[in-house]
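Here is a model to question term by term.

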Amino acid sequence: MSVNQKKPSALKDLDLIRTMIRQHKRNDLAFAGLGMFVIASLTITLIILFLDLVLDGYPKFTLDFFSNFPSRKAARAGILSAWVGSSLVLIVTFFVAVPLGIAAGVYLEEYSKKGWISDVIEINVSNLAGVPSIIYGLLALGLFVYSFGLGQSILTAGLTLALLMLPIVIVSTREAIRAIPVQIREAAYAVGATKWQVVLNHVVQYSYGGILTGVIIGMARAIGETAPLITIGALTFIAFLPPSPVTIDPPFLNLDWLNAGFTVLPIQMFNWISRPQHAFHINAAATGAVIIILTVLMNGVAIKLRYNIRKKIKW
Amino acid sequence: MVMLKNKHNEIVKAESRNLNFFYADGTQALKNINLPVYENKITALIGPSGCGKSTFLRSFNRMHDLYPGNKYEGEIILHPDNTNILDKKVDPIEVRMRISMVFQKPNPFPKSIFENVAYGLRVRGESNKRMLDDKVEEALKGASLWNEVKDRLEDLAFNLSGGQQQRLCIARALATEPEIMLFDEPTSALDPIATVNIEELMSELKKKLSILIVTHNMQQAARISDYTAYMYLGQLVEHDDTNKIFTNPTKKETEDYITGKFG
C-alpha cells in the first residue's frame with residue numbers, strides 16, 4: 001500500500017497524464033525520425049550513385065550508343081548487341097517463368113493438400129528466392145548446357161534467369177491469392193462453381209495485380225543479373241545480332257535466335273569496366289545508367305499497376 | 001410420388017435425420033439433429049453464439065466440404081426425389097446448384113452488377129446474351145433491386161450501399177432458381193431500413209421457394225418465420241410453429257432464451 005501512496009495514480013492527475021502523453025509523442029517522433037533518416041540515406045546513396053554514372057557517361061547518351069556494336073575503339077563502341085541480348089533473354093525468361101510460376105502458385109494455394117509435403121515445398125520455394133544467383137549459374141551450366149546440350153545460348157540464359165525469377169513469381173502469386181477473402185471464395189462455390197471455375201473466374205482475376213507486380217519485380221531483378229550468365233558462358237564481346245525473331249516471310253516467326261550466342265547489358269558493362277582505358281569507363285558508366293533507368297522504370301510500372309488495380313478491388 | 005406432410009398439410013422440402021457434424025479438430029458441433037424444412041415456409045434457427053446453427057445451415061449446401069477433415073454423420077434428405085445430400089456419392093456442386101446461399105456479410109464479386117447476378121448462370125454454361133439479360137432482370141426484380149440498378153448494370157457491385165449489395169447477393173442466389181435458399185444472418189451487417197427491406201423480400205421469396213434462416217435477432221425470427229428452431233450446444237432443443245415457440249414454448253430452456261433470462 002505504501003508504494004501506491006508514494007506514487008499518485010496517473011489516471012487522476014491531469015498534469016501527469018499530459019506529461020505521459022508528451023513522452024509518448026516524443027517516442028513517436030523519435031521513431032519517425034529514425035525511419036526517415038534510414039530511408040533518406042538509402043535514397044540519397046542511390047541518387048548519388050546514379051548521378052555519378054550519368055555525369056561520367058553523359059557524353060555517350062546518343063542514338064549511336066544504342067545502335068553501335070561494341071568496338072575496340074571506345075568512341076565508336078555501343079550497346080546494340082547488349083540491349084538486344086538482354087531483351088531476347090528476358091523474353092524467354094518471361095514466357096517460361098510467368099506461366100510456370102503462376103501455375104505453381106495457384107496449385108500450392110488452391111489444390112495441394114496441406115501436409116508435410118506442402119510444408120517442405122513451401123520452405124524450399126522461400127529458400128530458393130534467397131539462393132545466391134551464381135548457384136543458379138552452376139546449376140544451369142550442368143543441366144542446360146551439358147546435360148540438355150542447349151549450348152551457351154539465349155535459350156539457356158533465359159531458362160537460367162527464369163529459374164531465378166520463379167520463386168519470386170510463386171511467392172507473389174501465393175500472397176496475392178491469400179489476400180482474397182474467404183467470403184468471396186465461398187460465394188463462388190455457393191452458386192455451384194467448380195474448383196477450376198473458382199480459380200479461373202475469381203482467384204486469378206482478383207490476384208493478377210499482385211502477380212503482375214511480382215513478375216515485374218522479378219524481371220527487374222533478372223535484367224541486372226550478371227554472375228549466372230557469366231557462369232554459363234555468355235560472350236563478353238559480340239559484334240553481331242542474333243537472327244531476328246520476326247521474319248517477313250511466313251510463318252513470320254523464327255526460333256533460330258534461341259540458339260544464338262549473346263551478351264547482356266551488365267556483362268557489357270563489366271567488360272568495359274575491366275579495360276584499362278578511361279574512355280571505356282565512360283561507356284560502362286553510361287551502360288550502368290541505362291540499367292538503373294530500366295530497373296527504376298520497371299519498378300515504377302509495377303507500383304503504378306498495383307495502385308490502379310488496388311483502387312478497383314477493395315475487400 | 002408420396003409427399004411428406006405435417007399436420008397442417010404442409011409439404012416437407014428437406015429434413016435432417018440424426019445429423020451429427022464433426023469439425024476437423026474432432027469437436028462435435030451438431031448432435032443428432034432432426035429438423036424438417038417446409039416448402040414455401042421460412043424456418044428460422046435461433047440460439048446463442050456457438051450453438052451450431054450456422055454449422056447446421058452450412059451442411060445444407062455442403063459448405064463444410066471446402067475445408068478438409070470435416071465429417072458429417074446422418075442424412076439430409078431433399079424431397080421430392082429423396083436425395084441424401086450428405087451422401088458421398090452426391091457431388092456437392094450438384095447440391096449447391098439446387099440450394100443457394102446468402103451470407104452474413106454482403107459478399108459481391110469485384111465485378112459488375114450484371115456479372116454478379118449472371119455468374120450462377122454462366123457456371124451452368126449459359127452464354128446466350130438474351131437469355132442472360134432476361135434472367136438477370138428477373139432475378140434483380142425478384143430481389144427488388146431492379147429499379148435502383150437498371151441504368152447502371154455495368155457499374156462495379158462495390159459501388160452499391162451495404163443493403164443494396166446484400167440484395168444483389170440475394171439476386172445472385174435467386175438467378176439460378178434454387179429450391180431452397182439458405183440465409184446466414186443476412187441482416188446482421190445492415191442498418192434497420194435495409195433490414196426491413198430484406199425481411200419483406202424474404203416474405204415475398206417464400207412464395208417461390210423454401211427458406212432456412214439463421215438469425216441472432218429473435219424479433220426477426222418472430223416477425224418473418226413460420227417455424228422456429230431453438231438450438232443450444234449443438235442440440236435441437238425445440239422446434240415448432242413460430243407462434244407457439246414465442247408465446248407458449250414447451251421447454252423451459254426455450255422460454256428462458258426467448259424471454260432473455262439466458263443467452
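**Labels and their grounds**

Q: What makes up the secondary structure of chain A, in helices and strands?
A: In this predicted model, chain A has 12 helices and 0 strands. Read from the N terminus, its elements run α-α-α-α-α-α-α-α-α-α-α-α.

Q: How do you know how chain A stands against a compact globule of 315 residues?
A: The globule would have a value near 20 Å, but chain A has 26 Å. The globule figure comes from 2.2 Å times the number of residues to the power 0.38. Along the principal axes, the C-alpha trace of chain A spans about 90 × 60 × 35 Å.

Q: What share of the residues of chain A count as buried?
A: The share is 35% of 315 residues. To count, a residue needs 20 or more other C-beta atoms within 10 Å of its own.

Q: Why is helix H11 of chain A called mostly covered?
A: Of the 9 residues in H11(A), spanning 265-273, 7 are buried. They are Leu265(A), Pro266(A), Ile267(A), Gln268(A), Met269(A), Asn271(A) and Trp272(A). Their cover includes helices H4 (80-111), H9 (195-224), H10 (227-231) and H12 (278-312) of chain A.

Q: Which residues touch the most other members of the largest nonpolar core?
A: Val89(A), Ile154(A), Met165(A), Val169(A) and Ala171(B) do, in a core of 145 residues. Helix H7 (154-178) of chain A gives the most to this core, with 16 residues.

Q: What is Val169(A) in contact with, leaving aside neighbours within four places in sequence?
A: Its partners are Ala97(A), Val98(A), Gly101(A), Ile102(A), Gly105(A), Gly214(A), Val215(A) and Gly218(A). The test for each pair is C-beta atoms within 7 Å.

Q: How many residues does each chain bring to the contact between A and B?
A: Chain B brings 21 and chain A brings 16. On the side of chain B that touches chain A, helix H2 (92-98), strand E6 (99-102), helix H3 (113-123) and helix H6 (162-174) each supply at least two residues. That side divides into 12 nonpolar, 5 polar and 4 charged residues.

Q: Why do strands E2 and E5 of chain B stand at the edges?
A: The open sheet has 4 strands in the order E2-E1-E4-E5, with antiparallel pairing. E2(B) (28-38) and E5(B) (83-84) each have a single partner strand, so one side of each is left without a neighbour in the sheet.

Q: How do you know that E1 and E4 of chain B are paired?
A: Pairing takes at least two bridges. E1(B) (12-22) and E4(B) (71-78) are joined by 7 and run antiparallel, so the pair qualifies. One of the bridges links Ala14(B) to Leu78(B).

Methods
Residues numbered from 1 in each chain as written. Chains lettered and ligands numbered in written order. Predicted model: local features only at pLDDT ≥ 70, side-chain atom pairs only at ≥ 80, totals over all residues. Core = buried A, V, L, I, M, F, W, Y, C linked by C-beta atoms within 7 Å. Buried ≥ 20, exposed ≤ 12 C-beta atoms within 10 Å, placed from the backbone. Contact = placed C-beta atoms within 7 Å. Nonpolar A, V, L, I, M, F, W, Y, C, P; charged D, E, K, R; others polar.
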